[in-house]
Amino acid sequence: MPKRRELVEPLERVPLLDGVAGGGGVWRLRSAPGRRSVETLVRRAAAARGSFGAEATGARRTAGARDPGRACALRGARADRSIARLSTPQTSAPSHSASARELLVVALASAVLFGGLLSGALFDAGTALVGPGDGAFSHAAARFVARQWLAGDAPWWNPHVAAGAPALGNPLLGVLDPQSLFVLLGERLGGAGGVALALAWLAWARMCAAALGAFALARRLGLGAAGAWIAALTFAGSGFLAVHAVEPSGRVVWLAPWVLLGIERLRDSHGARGHVTLAVSLALALAAGHLETAFFVGVAALAWSLALWRSNPAAARAALLSLGCGVALAAPVLAPAFEYVTRSTLAVTRSALRASLSALDLGLLLVIVGALWRARELGARLGPDPVRQQRFAVGAALAFTLLALLVSALSPWPETLVRAWLFDLRGRPGEGVEYFGTESYADAAQAWCAPLALVLAAAALLSPSLGGLRHARVLTLGGAVALALSWGAPGAVQLAHVLPFVELCDVRHAAGAGALFVALLAGAGFERATPWARWTSAASCALGVGAVVLLAARDLPPAAPQVVLDPPDGVVELTRPPSELLARGRAQFEGWIHPDLALESAQVRIEPLEAGAASGHEFALPLELSRAAWRPEDTQRAPAGAVWFRAAHIEVRDLEQGSQRFTLVLRTTGGRVLSERCLASAVVHRPRVTRWETLALVYASAFAALILGAGLRWSALAGVLLLAASSVWFHFGLHLTRPLAELFASPAAAQAVEEHAGDGRVLAERDALAPHSALALGWRQLDARDGLGLARFDAVRSQLVFEGVHPMLGSSASNFDSAAPLSRALDVRVLVSRGELRRAEFGAPQVDGELVFHSALAPFGVARCVAETVHPDLIASHPRDFDSRTQAHLSGDVGWEAHEPLTRASVELVERTNHALTLRVALDGDGLLVLGEQRFPGWSVFVDGEPARLLGVDTLFSGVALNVGEWRVEFRYRPTLLRVGALCAALGLAGLLALCFRARATTRA
């Protein structure tokens, strides 16, 4: 043994000349005899490995106890293997599983950090965490699901929105999401307050779990503790997790590192734990609710598994089989969701928004990719001279900055790229000056990552080598693609939409998986990026942000337009015109119309004055009408009985920058244009703002990337603190809360709505009831939405409003055409507004608190009986020319005719659940019973317990033919693909158990 120790001493480590701190290297000997001795030891180690390497540890101990000579041989073989490893070049980083102590420290640190950021909602049952997005919908969906499951009424169908929609088929509701179990517990223990607390604590737990998963994955890939801390804080504090904290997207993305960690477990050891981790985490991600985010997580897992094929085919096969089991386990959610999505408005809108390939955008994208690739090649040829590396870095940074400015001039990229560094460039929520960007803040900020992480990730992308880091190529390629998609880079987005299944996704949701790739690249860049790559990245960041700040300082509004307005004539007058300079929020457009005009509806058309400028709205926006002034102080400014109008849909972010003209369009009966008046003009200008705090963090991150390194003890702590400071500054004011009592309708208003509506539907003005009150509190509302919406219902919306009113934006009580045949069939029993509405089919208004209720005089009920059918061709050309009280038209080629038409019929609702309606029907002749619920695959009908033929009626509804007599008719809804999904889940579970059993058997052998 002393002789062997002397042989090891001449070994000398020579690091690779790539500037990689802690990276691989080659070992050389100081003398030729030592080299020959080591070669002999290597051969002996190989022979010993073949003899003893396959034996278990227990067998070794037993053999050592019985035979001391054999124990010495075993120890010698282990020493030989150690020498052989030292004499072999290190081509891959070793795997380091995170210790329990490390995970505990990460858990405590993330719990304190995110607990402080979410403290406003974690301990107050009267506060709801809503965030900058549509968090109110998440609260409404959670309350709906919890209420139905606790009542024993499986929520397969959602009767509370539009004309009814599938609930299980809408994954956003989370009907089968295991995370909803905590919401059920909150509903059982604390009602609405318990649900709000459960959602807040779930958001906190997901952020902590995201940090733990990213840390464990980084350690498994070969990063040190410092790089793993960088990765954990970057991913857990990313904009996607923060913005979607309580939304379905946030329920998905935190599972991304756990999915990849399961694959890495299978790579290191084909044990049962890896199979279970991978399959269960992917199944949870798919069942969590947001399929777009889950799709990109699944794509990342698939790419990660395929990358194993060259080095470890057995592990790759095991990972692919586990992924298949995870998809099968989520089939009860996926199968109904696929059926719903193919019939939803999502498929229609995404196919309409699919952009064609632009040669300019593709060319610019190729130029950028080529420049980055060329920089990597040139950087790999640099020697160890630091002066030469610094000169190259400065030149590359200048080239990248000029290239970015050129690309922006030729094909302006979305501001998401700039806001990735300066997230409050257009303001942000929770401040005195609200956000005023061109899209919602949730969409704008979801691609944000800490500036230090972006600089380090860019350095890792530029580095030719990452010191044998596992999956370095997958990380660099996946990170670059994810950043391009999440930033909305032209060319990349268009190419992505060409791929199958991607056309149904908003590619910006790749930011969830992209944040994980950026986090891992940041950790690798901190530990292993080359110096010139760090300098290039930091200098590019400083120059690019400086250019943006310089341009923002010179961003001046254009001159006021010279527009000739129509002079006031006492017929139409604006009381509150839009401001001369519009930057944020909504544009005011209020006034009155003389009562002598026979007015049916009113609109405002907004047109840009610059030639060739794109219009913010391709159609005229509907205006709300009222017989009472919107503000009491305006009453004296108009003649008695004047009709008051106002715009509730003019969002400044939807308007192009420049001069705009506002024209009032008045329509009479039948949608005929009565008059057009040019009443106002304004300049739309959204200035850029820069806060010194954000700039300070960006430049501090660029400077830190230059001086921080893995070899310094204090640098890891400094990097972690800078990341934490950036995350806190980004999260500050982001997690918006609202009083729970103000989130939906007040208890008094909810009780009044239920009393007036009964079993019928409600249609409200936009400012009368909160958008998701029906889903949260339990009544049926025609203008409520579930996040997806059926394309068939949206196609007939134009028949529910007055002609000339946009069917989507104008779907409100003031624009509701109660005389239309389809409007009557939908059983709208009450209109809710804040002022008086005149409708012949509705009675006198009843004031209840701040709301005014208009009840229908002769409602149809949940179903009706008709005795005559109209040919569908006549309805196609004249959809409003039939009497829905006595007539209907069948969909498809099915025909029906009454031999002895009914003269009287009665329909009584016996029972209603989320999956069945039971009616008692009496007829004195042949008739067609029409259910006022939206038709969808899965509905069936039974007459006196016997199955009957279900007919498609009036494009939207279902019906059944009945003869004279009294009948008990039951309409049942069972998701058609639920059984298929359950069978697939059973097969997936069986497959997972088989994989686990095989893994355990292999381990024992």
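How many helices and how many strands does the secondary structure of the protein contain?

## Overall composition

The secondary structure of this protein comes to 35 helices and 31 strands. The structure is a predicted model. The protein has 1005 residues, and buried residues make up 54% of them. Among the contacts in the protein with a separation of 6 or more, 73% are accounted for by residues 24 or more positions apart.

## Helix 9 and helix 25

Two packed helices are described by the angle between their axes and the distance between the axes. Helix 9 covers residues 225–236 and helix 25 covers residues 511–528. Their axes come within 8 Å and cross at roughly 155°. Because angles over 145 degrees count as roughly antiparallel, helix 9 is roughly antiparallel to helix 25. The crossing in which helix 9 passes helix 25 is right-handed.

On the side of helix 9, the contact is made by A225, A226, G227, I230, A231, T234 and F235. Helix 25 contributes G512, A515, L516, A519, L520, A522, G523, F526 and E527. By class, the residues of this contact of helix 9 with helix 25 divide into 11 nonpolar, four polar and one charged.

## Helix 9 and helix 28

Helix 9 also meets helix 28. The axes of helix 9 and helix 28 come within 10 Å and cross at roughly 0°. Angles under 35 degrees count as roughly parallel, so helix 9 is roughly parallel to helix 28.

In this contact, A226, W229, I230, L233 and T234 of helix 9 face A716, G719, V720, L723, A724 and S727 of helix 28. The contact of helix 9 with helix 28 has eight nonpolar residues, three polar residues and no charged residues.

Helix 28 comprises the 19 residues 713–731. At 1.5 Å a residue, helix 28 should span 27 Å, and its end C-alpha atoms are 28 Å apart, which agrees. Which residues of helix 28 are buried? They are S715, A716, G719, V720, L722, L723, A724, S726, S727, W729, F730 and H731. Helix 28 is followed by G733, which has a positive phi near 75°.

A further partner of helix 28 is helix 22. The axes of helix 22 and helix 28 come within 8 Å and cross at roughly 125°. With that angle, helix 22 is oblique to helix 28. P451, L452 and A453 of helix 22 make the contact with G719, L722, L723 and S726 of helix 28. The contact of helix 22 with helix 28 contains five nonpolar residues, two polar residues and no charged residues.

## Helix 19

Helix 19 runs over residues 386–410 and has 25 residues. From its first C-alpha to its last, helix 19 reaches 36 Å, close to the 36 Å expected at 1.5 Å a residue. The buried residues of helix 19 are Q389, F392, A393, A396, A397, F400, T401, L403 and V407.

Most residues other than glycine have a negative phi. H471 lies in the loop between helix 22 (451–462) and helix 23 (472–486). Its relative accessibility is 10%, so H471 counts as buried.

D827 is another residue other than glycine with a positive phi, near 60°. D827 belongs to the loop between helix 33 (821–825) and strand 18 (828–833). With a relative accessible area of 2%, D827 is buried.

F295 is located in helix 14, which covers residues 291–307. Is F295 buried or partly exposed? Buried means under 20% relative accessible area. At 24% relative accessibility, F295 therefore counts as partly exposed. F295 and V252 are 43 residues apart in sequence, and their C-alpha atoms are 10.0 Å apart in space.

D848 is found in strand 19, residues 846–848. Its relative accessibility is 37%, so D848 counts as partly exposed. D848 and A749 are 99 residues apart along the chain, and their C-alpha atoms are separated by 7.9 Å. When its neighbours within four places in sequence are left aside, D848 is in contact with A752, H756 and F853.

Methods:
Residues numbered from 1 in each chain as written. Predicted model: local features only at pLDDT ≥ 70, side-chain atom pairs only at ≥ 80, totals over all residues. Heavy atoms only, no water. Axes fitted to C-alpha atoms, helices over the stretch in contact; angles between N-to-C directions. Helix = DSSP H or I, 4+ residues; strand = E, 2+ residues; numbered from the N terminus. Parallel < 35°, antiparallel > 145°, perpendicular 65-115°, else oblique. Left-handed = near helix turned anticlockwise from the far one by under 90°. Contact = heavy atoms within 4.5 Å. Nonpolar A, V, L, I, M, F, W, Y, C, P; charged D, E, K, R; others polar. Expected span 1.5 Å × (residues − 1). Buried < 20%, exposed > 50% of the residue type's maximum accessible area, 1.4 Å probe, protein only.
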